[in-house]
Amino acid sequence: MNRLFATLLLWVLCLPVALGQNAHLDSLKRLLAQTRQDTSRVLILAELVYGYHIYSTDSSLKLAEQALQLARRIRFAKGVGRVLRNYSGTLRDLGNLPQALDYALKALTIARDTRDWQLEVESLNVIGIIYSALSENQQALSYFEQSRQLSEYHGDTYGLMREYGNMVRPFLALNLPDSARIVHQKADWLSNHFPKSVDRFTYLVARSSILRNSGRLETFTGNNSRALQLYRQALQITYVLNDRRNRTTLLLAMAELFNKLHRADSSLYYAHLALINSKQANNLVTPSITYFLARLYKDKNNLDSAFHYLEIARASSDSLFGPRKIQQLQLLAIAEKQRQQELILAQKEYQNQVRFYAVLTGLGVLVLLALILWRNNRQKHRANELLQQKNGEIQRTLIELKTTQAQLIQREKMASLGELTAGIAHEIQNPLNFVNNLSEVSTELVGELKEEAKAGHIEDVLELADDLQETLEKVNHHGKRADGIVKGMLQHSKTSSGTKEPTDLNALANEYLRLAYQNLKAKDDSFTADLRLSLDPNLGLINVAPQDMGRVLLNLYNNAFYATQEQARKSMDGFQPQIEVTTHRENGRVELRVKDNGTGIPSEILNKIYQPFFTTKPTGQGTGLGLSLSYDIVTKGHGGEMIVDSQENTYTEFVVTLPTSNGL
C-alpha cells in the first residue's frame, strides 16, 4: 500500500512537469514559425533538436539537418557548434558512435575557438559519455574531469552534478567502488541544492540519473533489494517524462538484477521490455539486450530462441561495432589525441611567447614582428621534423607487428605438427613392439621345431608348426597395422588444398581423438581420461576438407585435454577427466559437440576466445591462434557455425554445426 501511494504521488508531482516540457516544445515550435532565417532560428532549432531526442529521434534528426544547413549558410559558428553538440547526442542514442564522436569533437573545437565555455562543457560531457559506451573508461574520466573543472570555474551547479554523476559508471567499470561512491555522493548533494533557476523538468531528469547510479552502487555492493527499489523509482520518472533512452538502460539493469536473483521469468519480462523500448526509441536493436536474452533462453534450455536472439545480437553488433566503424573510431581517437597534444603544445608556446614578448616590448614593433615571423617558421620546421619522425616510428612499428604475426602463425603450425607427429610416433610404437617380440618368439619356435623333428616327434612338430603359423599371422597383422599408421601419417603430412570431399565425420572425429590422447599420454603417462563417443550411425558422408576439419578437431581435443589436466591438478583426489564427443544429423545440418569437465572459461573473456592471439595459457604454451583459425575454417571455409558454452570450474562445450545441403 505504501509503495502504491508513493508511486501515485510521484506521478501526480511529475505529470505537470512532463506537460510543462511538452508545452515548452510547442512554444518553441510556434516561435520558430515566426522567426526569420537568422541566428535566432538556428538557436531555436538547436533547442528543439535537444528537446526531441528523448521523445522522437526521427524528428530530432530532421531538425538537426535543417539547423546545420542554415547555420553554415549564414556562417553562424556558435550556432553550428550547438547544433553539432545536440546532433551528436541524438546520433549517440541511435548507436552511430563514430559520427557522434566526430560531431562532438567538432563542436568542442568550435567552442574553444569561439570561447563558448557552456558549449565546451556540454561537448566534453557528450564525448565522455561516448567513450564510456565504448568501455574506454580512463578516456571517459579524462573528459568528464575537464568538463567538471570548467563547470566549477564558472559556478555551474547543474554541470558539476551531471559530471560527478557521469563518473560513477566508469569508476565502477574500473573496479573503483570507493571513488564511484564519493562522486555519487557529491552529485546527490548538488541535486538537492540546485539554484531556483533550474526548472522542474531538468531537476527530475537529474534525479532519475541519481537514482539509477544509486542502484548501480547498491548492485555492486550486493544490496540487491535496495537496488531494485531505486531502479523502480527511476523507471517511474522515465515513464512520466517519456524518456525512452534512460528507460531502456533501467529495464536492462532490472533484468540483469532479476537474473542475478535467480528470478528467470522476471528477468525475461524486463529484458523483453527493454528490447521493445529500444526499438521504439531509435529503431535499433541493442546488442547488449539481445545477447542477454540469448543467454537467458540458453539457461532455460530453449535453444531455438537462444540462437534467434544470438543471431540478432551478432547482426546488430556488426552494424554498430563492425570493422569499418571501429576503424573510424580509432582514426577519430588518434586525430583527437594528436589535436590535444597540439593544443597543449600551443598553450605552452603561448605562455612562452607572453613572457618573451614582455621582455622585448621596449625593442619596438619592427623587432617584435621579425621575432614572431622567425618563431613561426621555426615552429613549422619543428612540426615537420616531428611529423616525419612519427611517420618513421609508425612504419617501423607496423613492420615489427607483421613480423611478430608471421612468427606466431608459424609457431602455431609447428606446434600442431609436433603434436600430431608425437601422437603418431606413440601410436606406431605398439605394433612395432609386437612385431619385435613375436619375431623373437618365432625364432625360438623354429629352434624347438628342429629339435623335435630330429627326435622324430611328429605330433610335437605339428603342434609347434601350428604355433609358429599363429605367431607369424600376428606378426603380419601388426605389420599391416604399422603400415596403415605410416600411410595415415603421410596422408596427414600433405598440404591441405581446401578441397571438399565426401568424408566420414564419425571416423575423422574418432581418429583425431585417439591421436590427441596418445600425444598427451606420450608427454604425461600418468594422465588418464574417460573418453565417451556417441556417434550418430546415420550421419553419412559430409562434404568437408578433411585435413582442415582435422585441424579443428585436433585443436578442440587438445584444449579439452589441457583443461581437464589443469582441473585434475587443482582438484582433490577422485576427479576423473572426461571428454565427450557426440555427432547428430537433423534438418539438413550436422552437429558435432566436444565437451569436457575441465576448468571452464570465465564469462568475462568468453567473447574474446576467437580473437587472434588471445590465449589464457601460460607464456610459451599457446599462441592464441588455434581457436581463431578453427573458427575461420568452420565459418568461412565451410559456411558453418561454432559456438561455445562454458561454466567456470565445471565444463566447456564447443558446438560445431555444418550444412549438408552440398553434401551427400
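**Exercise 1. Classify Arg148 by burial and describe its charge pairing.**

Step 1. At 12% relative accessibility, Arg148 counts as buried, because buried means under 20% relative accessible area. The model is a predicted one.

Step 2. Look for a partner of opposite charge. Arg148 forms a salt bridge with Glu152, and the closest N and O atoms are 3.1 Å apart.

Step 3. Arg148 and Glu152 are four residues apart in helix H7, so about one helical turn separates them.

Step 4. Check the partner. Glu152 has a relative accessible area of 47% and is partly exposed.

**Exercise 2. How many salt bridges does the structure hold, and which residues are linked in a network?**

Step 1. The structure holds 17 salt bridges.

Step 2. Arg82, Asp116 and Glu122 are linked in a network of such bridges.

Step 3. A further pair is Asp299 with Lys298, where the closest N and O atoms are 3.5 Å apart. Lys298 is partly exposed, at 31% relative accessibility.

**Exercise 3. Which side chain of opposite charge is nearest to Lys521, and how far away is it?**

Step 1. Lys521 is found in helix H20 (residues 505-523).

Step 2. The nearest side chain of opposite charge is that of Asp525, 4.3 Å away. A salt bridge requires a distance within 4 Å, and Lys521 is buried yet has no salt bridge.

Step 3. Turn to the backbone. A polar atom of the Lys521 side chain lies 3.0 Å from the backbone oxygen of Phe527.

Step 4. Not counting residues up to four places away in sequence, Lys521 touches Phe527 and Thr528.

**Exercise 4. Describe the phi angles of Asn301 and Asn649, and locate both residues.**

Step 1. Most residues other than glycine have a negative phi.

Step 2. Asn301 has a positive phi of about 65°. Asn649 also has a positive phi, near 65°.

Step 3. Asn301 lies in the loop between helix H15 (287-299) and helix H16 (303-321). Asn649 lies in the loop between strand S6 (641-647) and strand S7 (651-659).

Step 4. Asn301 is exposed, with a relative accessible area of 61%; Asn649 is partly exposed, with 43%.

**Exercise 5. Which residues make the nonpolar surface patch of about 280 Å²?**

Step 1. The patch is made by Ile394, Leu398 and Leu401.

Step 2. Ile394 lies in helix H18 (residues 365-455).

Step 3. Ile394 has a relative accessible area of 47% and is partly exposed. Patch residues need over 30%.

Terms used
Residues are numbered from 1 along each chain as its sequence is written. This is a predicted model: local features need pLDDT of at least 70, side-chain atom pairs count only at pLDDT 80 or more; totals for chains, interfaces and linings use all residues. Side-chain values use heavy atoms; hydrogens and water are left out. Patches are made of residues with over 30% relative accessible area and no salt bridge: like charges are joined within 9 Å, nonpolar side chains (Val, Leu, Ile, Met, Phe, Trp, Tyr) within 5 Å. Accessible areas come from the Shrake-Rupley method with a 1.4 Å probe; for residues, only the protein chains shown count as cover. Helices (H or I, at least four residues) and strands (E, at least two) are DSSP runs, numbered from the N terminus. Buried means under 20% relative accessible area, exposed over 50%, partly exposed in between (1.4 Å probe, protein chains only). Lys and Arg count as positive and Asp and Glu as negative; His and the chain ends are not counted. A polar contact is a pair of N or O atoms within 3.5 Å; within protein, one must be able to donate a hydrogen and the other to accept it, and residues adjacent in sequence count only if both atoms are side-chain atoms. Contact means heavy atoms within 4.5 Å.
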